[in-house]
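The sequence and the structure come first.

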Amino acid sequence: MKKLKCVLAVVGLTIAFGACAAGSASLEVRQGWVRWLPGGLPAAGYLTIVNHGDKPVALVKASSPDYGDVMLHRTLSSGGTTRMEAIDRMTVPAHGQAALSPGNYHLMLMQATRPVAPGDQVPVTLQFSDGALLHTQLKVRPANQVN
């Protein structure tokens with residue numbers, strides 16, 4: 001009986017680990033950073049998501065323990081006016097990439113749960129339409145440093 005319990009525990013752990021590992025094995029984050037603004041203003045997160053897989057996948061949610069709310073946004077310009085709108089998803093093509101960059105798609109990081117300052121690292125978890133989770137660290141930069 002003891003041996004059976006051990007085998008079942010190992011099988012359970014293998015299945016759980018395999019699901020997590022397989023879910024994000026084809027996804028990669030590159031060049032992630034946060035544009036910090038003073039005075040408790042919302043920050044913006046930027047990164048490039050690379051999909052090495054054979055199927056497109058969509059970024060559907062993001063979260064961070066350092067912020068109370070993380071939303072997907074994009075910047076739209078029309079007739080000399082610029083505005084931001086919340087979006088539900090951003091597709092990352094198969095064997096391609098999608099960039100969250102200034103003036104385009106980005107993460108809105110709101111309600112900091114701790115003092116965040118340039119030089120810090122902000123942990124972010126990205127959730128995709130296929131259930132994959134991707135954990136990354138974004139380096140915080142001052143507003144005037146874009147590269």
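Leaving aside its neighbours within four places in sequence, which residues is L126 in contact with? The model is predicted, and in it L126 is in contact with V29, L47, I49, L59, K61, A62, L107, A132, L133 and L134.

L126 also belongs to the largest nonpolar core, which has 27 residues. I49, L107, L126 and F128 are the members that touch the most other members. Of the secondary structure elements, strand β9 (residues 121-128) gives the most to this core, with 4 residues. In soluble globular proteins, nonpolar side chains tend to be buried together.

**An aromatic pair**

A search of the whole structure finds 1 aromatic pair. The ring centres of W33 and Y46 are 4.7 Å apart and the planes stand at 45°, so the pair counts as tilted. W33 lies in strand β1 (residues 27-36) and Y46 in strand β2, so the pair ties together parts that are 13 residues apart in sequence.

| Residue | Relative accessible area | State |
|---|---|---|
| W33 | 6% | buried |
| Y46 | 6% | buried |
| N51 | 1% | buried |

N51 has a relative accessible area of 1% and is therefore buried, since the cut-off for that term is under 20%.

**The surroundings of N51**

N51 is found in strand β2, which covers residues 43-51. What does the side chain of N51 reach at 2.8 Å? At that distance lies the backbone nitrogen of G53. The side chain of N51 also reaches the backbone oxygen of P93, at 3.4 Å. Not counting residues up to four places away in sequence, N51 touches S26, L27, P56, V57, V92, P93, A94, H95 and G96.

**The chain as a whole**

The secondary structure comes to 1 helix and 10 strands. Read along the sequence, the pattern is α-β-β-β-β-β-β-β-β-β-β. The protein chain has 147 residues, and 34% of them count as buried. Among contacts between residues at least 6 apart in sequence, 65% join residues at least 24 apart. The chain exposes about 8700 Å², and carbon and sulfur atoms supply 58% of that area.

Notes
Residues numbered from 1 in each chain as written. Predicted model: local features only at pLDDT ≥ 70, side-chain atom pairs only at ≥ 80, totals over all residues. Heavy atoms only, no water. Helix = DSSP H or I, 4+ residues; strand = E, 2+ residues; numbered from the N terminus. Buried < 20%, exposed > 50% of the residue type's maximum accessible area, 1.4 Å probe, protein only. Polar contact = N/O pair within 3.5 Å; in protein donor to acceptor, adjacent residues only side chain to side chain. Contact = heavy atoms within 4.5 Å. Areas by Shrake-Rupley, 256 points an atom, 1.4 Å probe, with all protein chains shown as cover. Phe/Tyr/Trp six-rings, centres within 6.5 Å; stacked < 30°, edge-to-face > 60°. Core = buried A, V, L, I, M, F, W, Y, C linked by side-chain atoms within 4.5 Å.
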